[in-house]
Amino acid sequence: MQHAVGSPLPPPHRPGHGPADGWSPAAHHPGAHQGPAPVPPPPPVPPAPGYPAPPPGPAPRPAGVPQAGHLPQAGHPSVPPPETTGHVRLPPGGPVAVPSVPQAPAAPDPAGTTLAVLLIGPAGAGKTSVAKYWADHRRVPTAHISLDDVREWVRSGFADPQTGWNDHSEAQYRLARRTCGFAARNFLANGISCILDDAVFPDRPVVGLGGWKRHVGPGLLPVVLLPGLDIVLERNAERSGNRRLGDEEVARIHGRMAGWYGSGLPIIDNSQLGIAETAAVLDDVLARSIASPPAW
């Protein structure tokens, strides 16, 4: 007679109780045959007169008790099955730390390092184009997080800065910055570099750099992209939609960005550089920033 799958589990072992409790592993093993109770061996027969007594042998082993030196194998009812499921725990998404300086005498290679970069510049400086190219041509996974793109996720009720900055547009800007910061931390926690671009003004360090430092972490590496005014005006004229600003607004923003000179942050003048050339200069600047992080 065969037993159905799902036979009862063995009762817990108690001191002083053994197979005499009425349970044996063999009796409840799935697929085992239930037979009659074992018959105890007959008492020993005394030797006939004139014959020596037989040598003493080992005591009979009770049914269900494994032989000495033999351990239960996997799958036995008394051995729990091994864990068959697994879970990969991701590292926490805390703020990114300051990149460690390699001890090798050679200059650090930013192309193979997990980094968090903040590309600062006025409208028309080429931040988005350079950031995309730089992220596309790295040897390690890299994400481009554009603040303008995140701001434009708001469709109904979008506060367009072209109509003037007010409390509503400032609130949407702060919300977009926090969203970009959270995304950057999640990418970095999983080993993916990121580059963010934003028009951070030097005369508002608490709102600008201070906000990014709070949201991403002290290891964020800021770099300023600042071409000449004529280049900025020319590139802005090629824009369309709500990303194209008036010439007066572009000139005003560019003038405020000039305050980054003397701030200690690295500045790249890409007036005469293409996108690929600017990305190469960015790698050189980041190598120096890793070796000697700027104070900001």
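# Close-up views of a predicted model

**View 1. An arginine sits over an aromatic ring.** Arginine 256 lies over the face of phenylalanine 201. The distance to the ring centre is 3.8 Å. This is a predicted model. Aromatic pairs are absent from the structure: the number is 0.

**View 2. Helix H7 has a buried side.** Helix H7 covers residues 247-257. Which residues of H7 are buried? They are Val250, Ile253, His254 and Met257. These residues span an arc of only 100° around the axis, which puts them on the same side of H7. Strand E1 (116-120) is among the elements that cover the buried residues of H7. Helix H6 (229-237) is another part of that cover.

View 3. Strand E4 holds residues 221-225. E1 and E4 run parallel and are joined by 4 bridges. Here valine 117 stands opposite leucine 221 in E4. E1 also pairs with E3, again in the parallel sense, over 5 bridges. Leucine 118 has leucine 196 of E3 as its bridge partner.

**View 4. Strand E3 is covered on both faces.** How many of the residues of E3 (residues 193-198) are buried? The count is 6 of 6. On one side, Ser193, Ile195 and Asp197 are buried. On the other, Cys194, Leu196 and Asp198 are buried. E3 pairs with E2 in the parallel sense over 5 bridges. In that strand, aspartate 197 is the bridge partner of serine 146.

View 5. The mean pLDDT is 74, and 60% of the residues reach 70 or more. Where is confidence highest, and where is it lowest? Strand E5 (residues 267-268) is highest, at 96. Helix H1 (residues 25-28) is lowest, at a mean of 45. Residues 16-33 have pLDDT below 50, and this stretch makes 20 contacts in the model beyond near neighbours in sequence. Where pLDDT is low, the predicted coordinates should not be read in detail.

Note on methods
Residues numbered from 1 in each chain as written. Predicted model: local features only at pLDDT ≥ 70, side-chain atom pairs only at ≥ 80, totals over all residues. Heavy atoms only, no water. Phe/Tyr/Trp six-rings, centres within 6.5 Å; stacked < 30°, edge-to-face > 60°. Lys NZ or Arg CZ within 6 Å of the ring centre and 35° of its normal. Buried < 20%, exposed > 50% of the residue type's maximum accessible area, 1.4 Å probe, protein only. Helix = DSSP H or I, 4+ residues; strand = E, 2+ residues; numbered from the N terminus. Arc of directions from axis to C-beta. Contact = heavy atoms within 4.5 Å. pLDDT = per-residue confidence, 0-100. Pairing = 2+ DSSP bridges.
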